[in-house]
Amino acid sequence: MRPIEQGRLFLRSQNRSLEASLSEAKLEMHELAIAQSIFDVIEARAAECHATQVKGVRLRVGEASGIVTDSLTFCFEMLASFDPVLAGTQLLIDIVPHQARCRHCAKEFPVKNFIAQCPTCEKWSDEIVSGNELQILEMEIEAS
Amino acid sequence: MPKVTIAQNILAANETIAQEIQRSLAARGICTINVMSSPGAGKTTLLERTIARLSGRLSIGVIEGDIETSADAERIEATGAETVQINTKGACHLEAHMIRDALEHIELNRINLLVIENIGNLVCPSAWNLGEDIRVVVMSTTDGDDKPAKYPQMFAASQVMIVNKLDLLPYVDFDLVKAKQQALAINPHLQIFEMSCRTGEGLDAWCDWLVAFARGNGLVPGEA
């Protein structure tokens, strides 16, 4: 059987020195793939807007999304540093709390450790209000 | 300095491909499950035993995800199932575009159930939709009973939990009641199967459920 080789995620950029830095840093982590997805979106939008520099990117990241924001920032900055338009771009991350709504008492309450149990009626809730967000809101650019 | 509104899900590109996959498989009447676990919990053995037991009842195609080697795909191929191996070369999870490519190597008109065996990892795969109808998380008695509490995203995002290696229960400090309680506290809708793929204990209940699932066009049996 000949396996289909999909290659490392970051090989999409076809940048050998980038690959070397990342494998040196042993970054085979969740946040790297997320950072690559952000990079792809921003790189494409920056080109559409004829941006000469992207100054900042604002994200909304839910508390329950499992993202370590320091790692995400680290991975994104490393990827961005190899692109002249994105180098130095700041990631601004708004954290959204993990919240649920109780069907019985209609109150919103914070979900602790993924257990959506209403502190008032002790019943489980199916209605997660927030906390799973992984969104790019906007970017701030300089354009020619 | 101009601000440009983007308002886009970070994983939107993956999500779009996953939805295309789900639509095209559903149109062919194929149900799809995405099987995830920590390394060594027994995903491949589960698939071998499941395929053998369902021979004649379901035609199963398998996409095997591994960082390196085609060892698992060779094991699955030996069962006679349509099999494709994806080697991610370091990436810790499968993404939808990999599944789209792999599907070109499967005779889709020969199967009615597609099983995707994800990379052994309880963190990353949970974030990436592959176009599956349901997600199955496998944990084993040698993993430790604290896995649901430690990796809650995975258990929150799954519909089925399998506890494997039940035959080893007398030899390990694994509290089955605690593991199930933790998992159900995170996800009260989890359908739980306890089994030993080695001895075959508990496999029939899972296989019957899977047949009901595949014949119900991807609806979770027992749910309206």
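## Salt bridges

A salt bridge is a side-chain nitrogen of Lys or Arg within 4 Å of a carboxyl oxygen of Asp or Glu. This structure is a predicted model. A search of the whole of it finds 21 salt bridges over all chains.

One of them joins B:Arg75 to B:Asp72. Their closest N and O atoms are 4.0 Å apart. Both residues belong to helix α3 of chain B, which covers residues 71-77. They sit 3 residues apart in that helix, so about one helical turn separates them.

## Where the chains meet

How many residues of chain A are in contact with chain B? There are 40, and they meet 44 residues of chain B. The size of an interface is often given as the accessible area lost when the parts come together. Here chain A and chain B bury about 3,600 Å² between them. Carbon and sulfur atoms account for 64% of that area.

Polar links cross the interface too. Between chain A and chain B, 10 residue pairs are in polar contact, with both residues at pLDDT 80 or more. The count of salt bridges between the two chains is 1. A:Glu138 and B:Lys3 form a salt bridge, with their closest N and O atoms 3.9 Å apart.

## What chain A brings to the interface

Which element gives the largest share? That is β7(A), with 9 residues.

The residues on this side of chain A can also be sorted by type. They divide into 22 nonpolar, 8 polar and 10 charged.

## Strands within and between chains

Strand β7(A) pairs with β2(A) in the antiparallel sense, over 9 bridges. In that pairing, A:Arg60 has A:Gln135 of β7(A) as its bridge partner. A:Ile136 stands opposite B:Gln8 in β1(B).

A further pairing links the two chains. Is it parallel or antiparallel between β1(A) and β4 of chain B, residues 82-87? The sense is parallel, over 2 bridges. Here A:Ile4 has B:Ile86 of β4(B) as its bridge partner.

## Aromatic rings

Over all chains, the structure holds 4 aromatic pairs. Why does the pair B:Trp206 and B:Trp209 count as stacked? The planes of the two rings lie at 15°, and the cut-off for stacked is under 30 degrees. The ring centres are 6.1 Å apart.

Both tryptophans lie in helix α8 of chain B, residues 203-215. B:Trp206 and B:Trp209 are 3 residues apart there, about one turn of the helix.

Notes:
Residues numbered from 1 in each chain as written. Chains lettered and ligands numbered in written order. Predicted model: local features only at pLDDT ≥ 70, side-chain atom pairs only at ≥ 80, totals over all residues. Heavy atoms only, no water. Contact = heavy atoms within 4.5 Å. Buried area = accessible area lost by both parts, 1.4 Å probe. Polar contact = N/O pair within 3.5 Å; in protein donor to acceptor, adjacent residues only side chain to side chain. Helix = DSSP H or I, 4+ residues; strand = E, 2+ residues; numbered from the N terminus. Nonpolar A, V, L, I, M, F, W, Y, C, P; charged D, E, K, R; others polar. Pairing = 2+ DSSP bridges. Phe/Tyr/Trp six-rings, centres within 6.5 Å; stacked < 30°, edge-to-face > 60°.
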